[in-house]
Amino acid sequence: KVSIFDGVGVGVVPAAQPEIAAAAKGRARRLVVAGLESGDLHADEWTVEEDGLGRLSVRGVTVRPPLRGFHNLRNTMLALAVAQECGVSLEQAADGIAAMPVPSMRLAWETLGRATLINDAYNANPGSMRAALELLDSVGRGRQRVAVLGGMRELGAHADRLHAEIADRALQSSIEVVAGVGEMGDALRRAGRDDARVVAAPDIDELWQSLAPRLSRDAVILLKASRGVRLERLVPHLTAWANG
């Protein structure tokens, strides 16, 4: 994918993934590295609050992206670097980022009774799966945290390996319940044969039957899967459960 840098004047790359900068070197005429802790443009300070929203400060300018998670702070640094290269001031860029509309089912934070739903069911790939698990692992301490994961599509010959990697990552976390449907359910069964946290099923309805008795009323529940899984079909079940 680094072929997109071929012949461009400026390439903007993430400090958190030095392999991208290494692969892009010599393709773009100039590279700008942006990140939270290092890079040509980096944050002076940054934090993510209990609700998953973050803020950062760059050269004295505070930026509050409306999207949750550590990865969206990293994405914010990339956007700020692009803005700077296009002659947009950090102050203007910060205002624009703060005012951006939040897409549906992209780490959407919803209250269901005493429970919290993090609906990120719009799409998924290995990177966004890891980022969503990182967010869930860092919020809701003292409450039951539940990851409900569906399959990732369009991974070709690497599909089994990548599903296995995400299953391992989920089970290495401190998340209390890890549920999977379809390919992700299969991967979780293999990775966590003796792990009592695992709930797996071939389809949404069967998964709900097994998952519902495990849920605490104040749970923090993440939904994450590729678009084709339509994991948001669990939302009516969760809403009825929360209001029941």
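This is a predicted model: local features need pLDDT of at least 70, side-chain atom pairs count only at pLDDT 80 or more; totals for chains, interfaces and linings use all residues.
Which strand does E10 (residues 177-181) pair with, and over how many bridges? I looked it up: E10 pairs with E11 in the parallel sense, over four bridges (pairing takes at least two DSSP bridges between strands). Valine 178 sits opposite valine 198 in E11.

Residues count from 1 along each chain as its sequence is written, and side-chain values use heavy atoms, without hydrogens or water.

Next I traced the sheet. It is open, with six strands in the order E7-E8-E12-E9-E10-E11 and mixed pairing. E7 (108-112) and E11 (198-201) are at the edges with a single partner strand each, so one side of each has no neighbour in the sheet. Elements are DSSP runs numbered from the N terminus: helices are H or I, at least four residues, and strands are E, at least two.

Then I checked helix H7 (residues 204-211). Its buried residues (under 20% relative accessible area, 1.4 Å probe, protein chains only) are Ile204, Leu207, Trp208 and Leu211. They span an arc of only 100° around the axis, which puts them on the same side of H7 (the arc is taken from the directions from helix axis to C-beta atoms). I found them packing against strand E9 (145-149), E10, E11 and helix H8 (234-243), contact being heavy atoms within 4.5 Å.

Technical notes: Buried means under 20% relative accessible area, exposed over 50%, partly exposed in between (1.4 Å probe, protein chains only).
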